[in-house]
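Me: I am new to this structure. Please take me through it in short steps.

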Amino acid sequence: MDLEFRASDPFVGPADLLALPLYSDSDDLPQPLRELDARLEGALARARRTGDLRGREEEASLFYLSGDGGPSRVVVLGCGSAADADGETFRKLGGRAVREAEKLFLTEVAVCVPGFAASSTTGGGGGQDVSPEEEAVSRVGPDRVVQAVAEGLALAAWDFRELLTESADQANEERPPLLTEGRIHAVSATEGLEEAVRVGEALAAGQNLARDLQARPGNVATPTHLADVAVGLAKEHGFGSRILGPREMEEEQMGALLSVARGSDEEPRLIVLEHKGGADDVPPVALVGKGLTFDSGGISLKPAKGMESMKYDMSGGAAVLGAMKAIGLLGLPVNVVGVVPASENLINGSANKPGDVIRTREGKTVEIINTDAEGRLILADALSYTRDRYGPSAMVDCATLTGACVVALGHHAAALLGTDDGLQDEVRTAGELAGERCWPLPLWKPYRKQLKSQVADLKNVGGRPAGSITAGWFLSEFVGDTPWAHLDIAGTAYGDTELPYRRNGAFGFPTRLLVEWVRGRVV
Ligand code: BES
Ligand code: MN
Ligand code: ZN
């Protein structure tokens with residue numbers, strides 16, 4: 001979707017559909033709703049008096065205007081209380097504008113956010129004549145508001161249609177076209193907001209790439225495919241790239257990653273992208289993502305029901321590639337390295353067996369109790385490689401690592417663990433900003449005992465209790481002293497918790513969080 005910013009009256013110039021938010025705590029109609037009311041000869045005020053239009057969330061009222069060079073349709077979207085508005089309110093607003101346009105089979109939409117006039121001149125707060133709209137914009141921040149609407153528009157306009165043929169289109173005449181153009185109006189806004197649109201657009205482009213990769217089935221999105229996409233990104237954005245195959249992994253003695261990959265005919269890849277946005281002598285930050293392109297469980301086979309969703313077991317890797325794309329588009333002045341260990345977890349005569357002991361790149365031996373705890377194995381080698389090769393100032397990994405994480409936090413927050421409180425605070429803040437939340441679980445010492453093995457340095461599972469924490473403990477054995485944070489995204493990377501700006505299926509979570517974390521390191 002192409003996005004455009006305009007600091008001008010949305011009623012000047014044509015539009016197929018203009019979306020305007022209405023809050024539940026607005027006393028008087030703010031501009032541009034007042035203008036709409038005038039054009040409708042008081043219809044909005046009447047609808048407010050009858051109680052039909054109250055600004056409640058989910059409320060949507062469509063109006064048709066006489067064609068006078070302005071918008072031909074306007075939809076008023078209830079947004080709840082302005083006093084409660086946050087970035088997510090505006091992300092959803094952008095998403096809902098797209099959904100309304102889709103219902104009408106349109107390919108473009110404009111959104112106008114009220115409240116920019118006074119908020120951009122004064123620094124928020126106490127003034128007596130500050131309207132709820134102005135208060136909301138100044139509290140969230142004008143640039144954050146515009147960025148969030150841009151994200152909402154561009155994320156909502158994504159759908160995964162590349163495997164549909166025309167015959168499917170004919171059978172399903174209901175499918176609306178995807179939106180191609182979005183416009184954001186913020187009347188009397190100050191400068192710098194084009195930049196906010198650009199940021200939102202880049203974040204969405206990265207996240208939409210992550211979603212594409214996630215949505216692609218296991219027979220398409222193989223480890224080799226992920227590597228090819230990464231090499232494409234390197235060409236597009238001038239990244240350095242390094243792709244390790246089985247031979248290079250042997251040289252690196254990556255016995256854990258190789259042991260998982262040996263169970264499959266598909267060759268594994270360790271994908272590395274290097275964005276050199278900072279000074280040469282500044283160590284990079286590292287993003288590491290689990291790229292398990294299909295997880296059958298191996299010999300510890302998963303139940304058949306729902307196994308198809310294990311194509312999403314590369315979601316962490318997809319988010320890292322998506323984040324690298326956004327970072328490249330934004331040209332962030334930081335050094336960033338993105339690392340994705342990619343493999344299948346299948347079953348053949350060479351596959352891991354329960355009881356096997358393997359040797360990791362780190363030198364630590366691991367007794368494989370359950371071949372389905374494969375994510376921590378491929379990550380162990382990737383984390384130790386990243387630490388040794390790049391000496392990063394911080395490492396953040398994300399992985400669909402444990403079912404226990406879904407039990408603990410459900411689908412509305414990722415689990416956050418790590419070795420550095422400051423880093424974890426940064427990651428949590430980035431998640432809040434991005435609307436991709438995470439919540440801490442403790443990496444306390446007593447949990448470590450659950451990984452004790454009779455025959456090796458570690459077991460790869462710690463039993464049922466606190467499964468996400470013991471998985472975190474396992475990973476922590478491979479990061480050394482590097483400040484490190486781990487996001488377990490098993491419950492948040494994909495699913496059926498759709499939002500106005502995301503469809504069921506691939507969510508691209510936590511692409512925005514990762515990019516916001518890196519952006520937070522710039523200033
Ligand atoms: N990829 C799974 C974790 C997962 C489960 C992701 C559900 C998304 C939804 C991981 O490889 C796995 O199988 N973990 C096991 C670990 C166990 C054997 C200790 C699990 O959580 O059951
Ligand atoms: Mn598994
Ligand atoms: Zn897995």
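**A walk around the metal ions and their surroundings**

Me: Which is aspartate 388: buried, partly exposed or exposed?

Reply: The relative accessible area of aspartate 388 is 46%. Buried means under 20%, exposed over 50% and partly exposed in between, with a 1.4 Å probe and protein chains only. So aspartate 388 is partly exposed.

Me: What kind of model is this, and how are its parts numbered?

Reply: Residues are numbered from 1 along each chain as its sequence is written, while chains are lettered from A and ligands numbered from 1 in the order in which they are written. Side-chain values use heavy atoms, leaving out hydrogens and water; local features need pLDDT of at least 70, side-chain atom pairs count only at pLDDT 80 or more, and totals for chains, interfaces and linings use all residues, the model being predicted.

Me: Which residue forms a salt bridge with aspartate 388?

Reply: A salt bridge puts a side-chain nitrogen of Lys or Arg within 4 Å of a carboxyl oxygen of Asp or Glu. Here the closest N and O atoms are 2.9 Å apart. Aspartate 388 sits in helix α13, and its partner lies 27 residues away, in the loop between β12 and β13. (Helices are DSSP runs of H or I with at least four residues, strands are runs of E with at least two, and both are numbered from the N terminus.) That partner is arginine 361.

Me: How far apart are the end C-alpha atoms of α13?

Reply: The helix runs over residues 375-390, which is 16 residues. The expected span is 1.5 Å times one less than the number of residues. That gives 22 Å, and the ends agree with it, at 22 Å.

Me: How many of the residues of α13 are buried?

Reply: The rest of the structure largely encloses this helix. Of its 16 residues, the buried number is 14.

Me: Which glycine just after α13 takes a positive phi?

Reply: The phi in question is about 45 degrees. The residue is glycine 391.

Me: What is the strand order in the open sheet of three strands?

Reply: Two strands pair if DSSP finds at least two bridges between them. β12 (357-359) and β17 (458-459) each have a single partner strand, so they stand at the edges. Three bridges join β12 to β13 (residues 365-367), and these two run antiparallel. With mixed pairing overall, the order is β12-β13-β17.

Me: What is the arrangement of the six donor atoms around the zinc ion (ligand 3)?

Reply: Four donors count as tetrahedral if all angles lie between 85 and 135 degrees; four count as square planar and six as octahedral if opposite donors are over 155 degrees apart and all others between 65 and 115; anything else is irregular. Around the zinc ion (ligand 3) the angles are 77 to 178 degrees, which makes the arrangement octahedral.

Me: How many residues apart in sequence are the parts tied together by lysine 290 and glutamate 374?

Reply: Both residues are among the protein donors of the zinc ion (ligand 3), whose spacing along the chain is K-x4-D-x17-D-x60-E. Lysine 290 lies in the loop between β9 (285-289) and β10 (291-295), and glutamate 374 in the loop between β13 and α13. So the pair ties together parts whose separation is 84 residues.

Me: Which residue bridges the two metal ions?

Reply: The manganese ion (ligand 2) and the zinc ion (ligand 3) lie 3.1 Å apart. The residue that coordinates both is aspartate 295.

How values were computed: Donors = N, O, S within 2.8 Å, 3.2 Å for Na, K, Ca; no water.
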